[in-house]
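Let's take a walk through a protein model together, starting with the overall fold and then stopping at a few places along the chain. Keep the viewer open as you read.

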Amino acid sequence: MKTITICGSMKFAEKMKQIAWRLEVEKGFNVLQCIYNEQNEPITDEAQKRLVAAHYKKIDICDAVYIVDIDGYIGTSVADEILYAKENGKELIFHSRQS
């Protein structure tokens, strides 16, 4: 079973949840998802640092990253995550290239 980390802009949060479901149910992947702030709590600088560190740790332990690039959009943070994943030998799977 391949373990993947989802990377994408939080503006696609609802879509990423749907994608994660499909990847696990239809493809049999083990998905490490983003943390969603559904309760819209304020995020301190310290909390943001922890979230980023946790996300990069997910990239470290996964086999591949799944990039949610809807309409070709890849933000700065996701571009950094892609570079990090690539430098660490992770497979890159782009949502836009999936059928």
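A word on conventions comes before the tour. This is a predicted model, in which local features need pLDDT of at least 70 and side-chain atom pairs count only at pLDDT 80 or more, while totals for chains, interfaces and linings use all residues. Residues are numbered from 1 along each chain as its sequence is written, and side-chain values use heavy atoms, with hydrogens and water left out.

Let's begin with the fold. The protein chain has 3 helices and 4 strands, taken as DSSP runs numbered from the N terminus (H or I over at least four residues for helices, E over at least two for strands).

How do the overall dimensions look? The C-alpha trace spans about 35 × 30 × 25 Å along its principal axes. A compact globule of 99 residues would have a radius of gyration near 13 Å, and the protein chain agrees because its own value is 13 Å; the radius is taken over C-alpha atoms, and the globule rule is 2.2 Å times the number of residues to the power 0.38.

Buried means under 20% relative accessible area, exposed means over 50%, and partly exposed lies in between (1.4 Å probe, protein chains only). The protein chain exposes about 6400 Å², with carbon and sulfur atoms supplying 50% of it; these areas come from the Shrake-Rupley method with a 1.4 Å probe, and for residues only the protein chains shown count as cover. Of the contacts (heavy atoms within 4.5 Å) between residues at least 6 apart in sequence, 71% join residues at least 24 apart.

Now find the helix pair. Helix α2 (residues 45-61) and helix α3 (residues 76-87) have axes that come within 10 Å and cross at roughly 35 degrees. Those axes are lines fitted to C-alpha atoms over the stretch in contact, with angles running from 0 to 180 degrees between N-to-C directions. On the α2 side, H55, Y56, I59 and D60 make the contact, and they meet S77, D80, E81, Y84 and A85 of α3. By type, the contact residues divide into 4 nonpolar, 2 polar and 3 charged. Here Ala, Val, Leu, Ile, Met, Phe, Trp, Tyr, Cys and Pro count as nonpolar, Asp, Glu, Lys and Arg as charged, and the others, Gly among them, as polar.

Two loop residues deserve a stop. F29 sits in the loop between α1 (13-27) and β2 (30-32), and F29 counts as buried because its relative accessible area is 17%. Leaving aside residues up to four places away in sequence, F29 touches M1, K2, I4, L23 and E24. The C-alpha atoms of F29 and M1 are 5.9 Å apart, although 28 residues separate them along the chain. S9 lies in the loop between β1 (3-8) and α1 and is likewise buried, at 17% relative accessibility. With the sequence neighbours up to four places away left out, S9 touches M16, Y73 and V78.

A54, in helix α2, is partly exposed at 37%, with its C-alpha atom 9.3 Å from that of C34.
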